[in-house]
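Hi,

Here is the model I said I would pass on.

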Amino acid sequence: MSKLLIGLTGGIGSGKTTIANLFVDLGITVIDADLVSRDILNHDQNITKQLIEKWGSGILDSEGKLNRRVLREIVFNDIEAKRFLEDILHPLIREKIKQMAFEAESPYALVVVPLMFETHFDELVERVVCVDLEVEKQIERTCLRDRISEELARKIIDAQIDREERRRLSDDIIYNCEDPVLKKKQVFELHQKFLKMVNHG
Ligand code: ADP
C-alpha cells in the first residue's frame, strides 16, 4: 500500500510521460489518469447509458462502443456538455485512482494528470510536481511528436492553464531540460524527498 499520492502535471509536450517513466525506473507505481478515464468510458455500462440518454445513440461506434472522438467534439465548444460529462466521469476517475494508489506496492505512487488544476484533481493528491518547459520548446516537441501544425499546438496550449500559474500552484518543479543527467538528477532528488516524507510521516 502506498502511503503517499503525488500528482504530476505539465502542459502538452512538456515531458510528463518522459519524466513519469523515470519514476517507473525507480520502482514507483505510475497511474495515468487519461488511461483510467478511457478505461471507464470503454467499460462502464452505466456511464454509456447516461450518455446515450443525453446525446442519443449517435455517440456509439459501429460496434456499439462509445465513440470518444464524437464525444470530444460534442464537449469541445460546449461548456454545459463538458460539465455534464465531467460531473458523471470525474467522481469515478477519482475513486479508481484512489483505489489504484491504495493497492500500489511502491512507497509512494504518482498520478499523471495533464489538466491537474483545471479539473481540480490537485485536491486528490498530497503534492503536485510540475514538469516545466518553455512554451516555444513545448510547441516544437509537440509538433514533432504529434505531427500537428504550430498553430494547433499553440491553440491547445492556450486552452491550458498558463505556465507561470501552473508553476505557482505546484509544490515541486522539474525542468525538462535536454541534458539527460540533469533531468535524472532532478527526478532522483525528488524521489529521495518523497521517500523521506513517507518514512518520517
Ligand atoms: P507529454 O507527456 O507532457 O505530452 P512527452 O513526455 O510525450 O510529453 O514529451 C513530448 C515529446 O518531447 C516526446 O516526443 C519526447 O520524446 C520529447 N522529449 C521529452 N523530454 C525531452 C527532453 N528532455 N529533451 C528532448 N526531447 C524530449
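This is a predicted model: local features need pLDDT of at least 70, side-chain atom pairs count only at pLDDT 80 or more; totals for chains, interfaces and linings use all residues.

Five strands make up an open sheet, and its order is 2-3-1-4-5 with parallel pairing. The edges are taken by strand 2 (29-32) and strand 5 (172-175); each has a single partner strand, so one side of each has no neighbour in the sheet. On average, neighbouring strands are turned by 25° against each other, direction ignored. Helix 9 (residues 180-199) packs on this sheet, where it touches strand 1 (5-9), strand 4 (127-132) and strand 5. The direction of helix 9 makes about 160° with that of strand 5.

Five of its five residues are buried, so strand 1 is largely enclosed by the rest of the structure. Both of its faces are covered, with L5, G7 and T9 buried on one side and I6 and L8 buried on the other. Strand 1 runs parallel to strand 3, and four bridges join the two; I6 has L110 of strand 3 as its bridge partner. Strand 1 also pairs with strand 4, again in the parallel sense and over four bridges. There, L8 has V129 as its bridge partner.

T29 belongs to strand 2 and stands opposite A109 in strand 3. With a relative accessibility of 28%, T29 counts as partly exposed. Leaving out residues up to four places away in sequence, T29 touches A104, E105, S106, Y108, A109 and L110.

**The cores**

Which residues touch the most other members of the largest nonpolar core? They are L51, I97 and V111, out of 31 residues in that core. Two or more residues each come from helix 2 (33-43), helix 3 (45-55), helix 4 (68-76), helix 5 (79-103) and strand 3 (109-112). Helix 5 gives the most, with seven residues.

Setting aside neighbours within four places in sequence, L51 is in contact with L41, G56, I59, L66, L71, F84, L85 and I88. Apart from this core lies another one of 18 residues, and L8, V112, V129 and V187 are among them.

**Helix 3**

L51 also turns up among the buried residues of helix 3, which are I47, T48 and L51. Seen down the helix axis, these buried residues fall within an arc of 100°, so they line one face of helix 3. The face turned away from that buried side carries the exposed residues Q45, K49 and E53. What covers the buried residues includes helix 2, helix 4 and helix 5.

**Cysteines**

How many disulfides are there? The count comes to zero. C177 is in no disulfide, and the nearest cysteine sulfur, that of C130, is 14 Å away. C177 counts as buried because its relative accessibility is 7%, under the 20% cut-off. C143 is buried as well, with a relative accessible area of 18%.

H120 has a positive phi of about 65° although it is not a glycine. H120 sits in the loop between strand 3 and strand 4, and its relative accessible area of 44% makes H120 partly exposed.

R147 is another non-glycine with a positive phi, of about 55°. The loop between helix 6 (135-146) and helix 7 (150-158) is where R147 is found. R147 counts as exposed, at 72% relative accessibility.

Over to you.

Cheers

Methods:
Residues are numbered from 1 along each chain as its sequence is written. Side-chain values use heavy atoms; hydrogens and water are left out. A nonpolar core is a set of buried Ala, Val, Leu, Ile, Met, Phe, Trp, Tyr and Cys residues joined through side-chain atoms within 4.5 Å. Buried means under 20% relative accessible area, exposed over 50%, partly exposed in between (1.4 Å probe, protein chains only). Contact means heavy atoms within 4.5 Å. A disulfide is a pair of cysteine sulfur atoms within 2.5 Å. Two strands pair if DSSP finds at least two bridges between them. Axes are lines fitted to C-alpha atoms, for helices over the stretch in contact, and angles run from 0 to 180 degrees between N-to-C directions. The arc is that of the directions from the helix axis to the C-beta atoms.
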